[in-house]
Amino acid sequence: MRLRKSRQCFPSCSSRHRVDEDDVYWKRKKSGEELEWSHNSTHVISQLTQCFANAMVGPRSWIAGLFTRSPYKRNDKVLDFCLTPHLEQRLQKLQERMRTPFDETRPDHQEALRSLWNAAFPDIPLKGLISEQWKDMGWQGANPSTDFRGCGFISLENLLFFSRTYPASFHRLLFKQGGQRATWEYPFAVAGINVSFMLIQMLDLRSEKPRCLPGVTFVKLLGEDESAFDVLFCIAFEMMDAQWLAMRASYMEFNEVLQVTRTQLERELSLEDVHRIKDLPAYNLLYQ
């Protein structure tokens, strides 16, 4: 995997990236002020590939103590939750999207890939659906279709929605603008697939109906806004990047960053006053 070096940092975006920090965790000592990176690029690329593979399908080792999690006060609502015909229709439509694999032979899937490239690099013509150019977006190889096997077509839809709805946030994360960036950053596209996968697992969306409080809350949000999952993807991606910066993470810590992001999302989806997707505190991280 050939990752892009971070571009020149833009002015600090710390005011837009406030995260819920644990005093003990954030006081841990870092050795030196600068991150030391291996000059053996082959070794680094191998580690990166394994890191993201573990984040996608590996065991979930919960990170304790990073956040003080308030006890859920609405567990009774999980037990009492019943799908109305409207909510059931919305959920089934989303689950149908989740079951759709990426098919590189389908013209509409091919067009979606081209649209994503044009949104990311509007001034650079794409040479082909199989091209070394895709690595510049953070795909693992010249053929992006191989990266969709873990999550399917919905992860491409999420990225495309992000690029069209919140283009400023999309490009900031793609080009790693703002904050103190490391020489070796997480690959944008593969990270996006991992975010989609994490949300599906966290919200228990493969069940007939969610059996966890965040999932129940989300289905209600889905009833209010059919694009709730796509918007939540954008929020989660921004949260993940904010945590990456706050933790001064290295490439081997991506799985940890993703777990912290999941914990924070679960907390926000358990707040009493969340009735719309835009009520989530982290929604303020997005900007168009």
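Me: Why is D204 called buried?
Reply: Its relative accessible area is 16%. Buried means under 20%, so D204 counts as buried. This is a predicted model.

Me: Where is D204 placed?
Reply: D204 sits in the loop between α8 and α9 (213-224).

Me: Which residues does D204 contact, leaving aside neighbours within four places in sequence?
Reply: D204 is in contact with K209, P210, R211 and C212.

Me: What makes D204 and R211 a salt bridge?
Reply: The closest N and O atoms of the pair are 2.9 Å apart. A salt bridge needs a side-chain nitrogen of Lys or Arg within 4 Å of a carboxyl oxygen of Asp or Glu. At 2.9 Å, D204 and R211 form one.

Me: Is R211 buried or exposed?
Reply: R211 has a relative accessible area of 63%. The cut-off for exposed is over 50%, so R211 is exposed. D204 is buried, whereas R211 is exposed.

Me: How many salt bridges does a search of the whole structure find?
Reply: The search finds 13 salt bridges. One of them joins the side chains of E238 and R172, at 2.6 Å from N to O.

Me: What makes E238 and R172 a link between distant parts of the chain?
Reply: The two residues are 66 residues apart. E238 belongs to helix α10 (residues 228-246), and R172 belongs to helix α7 (residues 167-174). Both E238 and R172 are buried.

Me: How do α7 and α10 pack?
Reply: Their axes are 11 Å apart, at an angle of about 40°.

Me: Which residues meet where α7 and α10 pack?
Reply: From α7 come S169, R172 and L173. From α10 come F237, E238 and D241.

Me: What makes E266 and R262 a salt bridge?
Reply: The closest N and O atoms of E266 and R262 are 3.5 Å apart. The limit is 4 Å, so this pair counts as a salt bridge. Both residues lie in helix α11, 4 residues apart, about one turn of the helix.

Me: Why do residues four places apart on a helix point the same way?
Reply: An α-helix has 3.6 residues a turn, so residues three or four places apart point the same way.

Me: Are E266 and R262 buried or exposed?
Reply: E266 has a relative accessible area of 7%. R262 has 9%. Buried means under 20%, so E266 is buried and R262 is buried. Elsewhere, salt bridges that share partners join R172, R181, E185, E238 and D241 into one network.

Me: Why is helix α11 said to be largely enclosed by the rest of the structure?
Reply: Of the 15 residues of α11, 14 are buried, so the helix is largely enclosed.

Me: What span does α11 reach?
Reply: Helix α11 (residues 254-268) has 15 residues and reaches 21 Å from its first C-alpha to its last. That is close to the 21 Å expected at 1.5 Å a residue.

Me: What makes α8 oblique to α11?
Reply: The axes of helix α8 (residues 188-202) and α11 come within 11 Å and cross at roughly 40°. That makes α8 oblique to α11. The crossing is right-handed.

Me: Which residues make the contact between α8 and α11?
Reply: On α8 they are A191, N194, V195, M198, L199, Q201 and M202. On α11 they are F254, L258, T261, R262, L265 and E266.

Me: How do you know whether L113 is buried or exposed?
Reply: L113 lies in helix α5 (residues 107-120). Its relative accessibility is 3%. The buried cut-off is under 20%, so L113 counts as buried.

Me: What does L113 touch, not counting residues up to four places away?
Reply: L113 touches F102, L129, W134, P144, F148 and L156. L156 is 43 residues from L113 along the chain, with 7.5 Å between their C-alpha atoms.

Me: How many helices and strands does the protein chain have?
Reply: The chain has 11 helices and 0 strands. Buried residues make up 52% of its 288 residues. Among contacts between residues at least 6 apart in sequence, 77% join residues at least 24 apart.

Key. Residues are numbered from 1 along each chain as its sequence is written. This is a predicted model: local features need pLDDT of at least 70, side-chain atom pairs count only at pLDDT 80 or more; totals for chains, interfaces and linings use all residues. Side-chain values use heavy atoms; hydrogens and water are left out. The expected span of a helix is 1.5 Å times one less than its number of residues. Buried means under 20% relative accessible area, exposed over 50%, partly exposed in between (1.4 Å probe, protein chains only). Axes are lines fitted to C-alpha atoms, for helices over the stretch in contact, and angles run from 0 to 180 degrees between N-to-C directions. Angles under 35 degrees count as roughly parallel, over 145 as roughly antiparallel, 65 to 115 as roughly perpendicular and the rest as oblique. A crossing is left-handed if the near helix is turned anticlockwise from the far one by less than a right angle, and right-handed if clockwise. Contact means heavy atoms within 4.5 Å.
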